[in-house]
Amino acid sequence: MFTFADPALELLEQFAQIRLLTGLCIERPELSYLEEYVYQRESKRLEGKLQAVTLRSDISALRARCEAETKEVHRLECFLEETQQLTTPVEEFEKKKASQEKNIELVKNKAKSIPNPPEDINLDELIDNVRRLEEEYAGRGGNE
């Protein structure tokens with residue numbers, strides 16, 4: 001298909017306008033094809049420009065979205081790294097668990113070996129006995 005440069009299209013458009021205003025298109029109908037061709041070319045050119053503007057807008061929106069997604073991915077990767085640093089590996093966790101279970105058993109065994117204290121301890125009597133012992137100790141001079 002034959003294409004014209006922009007200045008040629010402008011001249012053809014001016015020619016078509018002059019023909020239309022002067023009535024030449026009525027006297028010579030075969031020239032109306034030229035006018036139709038000029039209008040079709042102008043229409044395609046404008047549609048191309050519109051499509052280019054739309055595509056540029058879409059590209060800008062996609063780039064902005066891509067940047068936002070990249071930032072979100074980076075933020076999530078940092079979060080993942082931090083959580084992995086804070087977590088305990090399974091092997092270490094199992095070792096700690098086994099050690100704590102062993103300590104619990106030891107404490108239970110020690111608790112079984114301790115005799116049961118009497119149920120009816122009289123605190124007032126115990127306090128009086130401690131005071132009496134302190135007085136006796138102080139009465140002896142405390143250096144014996």
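**Exercise 1. Is Arg140 buried or exposed, and what is its relative accessible area?**

Solution. Begin with the source: this is a predicted model in which local features need pLDDT of at least 70 and side-chain atom pairs count only at pLDDT 80 or more, while totals for chains, interfaces and linings use all residues. Residues are numbered from 1 along each chain as its sequence is written, and side-chain values use heavy atoms, with hydrogens and water left out.

Next, recall the classes: buried means under 20% relative accessible area, exposed means over 50%, and partly exposed lies in between (1.4 Å probe, protein chains only). Arg140 has a relative accessible area of 53%, so Arg140 is exposed.

Then look at its partner: the side chain of Arg140 meets that of Glu136 in a salt bridge, at 3.8 Å from N to O, where a salt bridge is a side-chain nitrogen of Lys or Arg within 4 Å of a carboxyl oxygen of Asp or Glu. Glu136, at 41% relative accessibility, counts as partly exposed.

**Exercise 2. Describe the elements of the chain and how much of the chain is buried.**

Solution. Helices (H or I, at least four residues) and strands (E, at least two) are DSSP runs, numbered from the N terminus. The chain has 5 helices and 0 strands, and its elements, read from the N terminus, run α-α-α-α-α. Of the 144 residues in the chain, 7% are buried.

**Exercise 3. Explain how Glu72 and Arg75, and likewise Glu92 and Lys96, are placed along their helices.**

Solution. Glu72 and Arg75 form a salt bridge whose closest N and O atoms are 2.8 Å apart; because they are 3 residues apart in helix 3 (residues 32-86), about one helical turn separates them. Glu92 and Lys96 also form a salt bridge, at 3.6 Å from N to O, and because they are 4 residues apart in helix 4 (residues 90-113), they too are separated by about one helical turn.

**Exercise 4. Which residues make the nonpolar surface patch of about 460 Å²?**

Solution. Patches are made of residues with over 30% relative accessible area and no salt bridge, like charges being joined within 9 Å and nonpolar side chains (Val, Leu, Ile, Met, Phe, Trp, Tyr) within 5 Å. The patch is made by Ile121, Leu123, Leu126, Ile127 and Val130. To place one of them, Val130 lies in helix 5 (residues 123-139) and is partly exposed, with a relative accessible area of 40%.

Note on methods: Areas by Shrake-Rupley, 256 points an atom, 1.4 Å probe, with all protein chains shown as cover.
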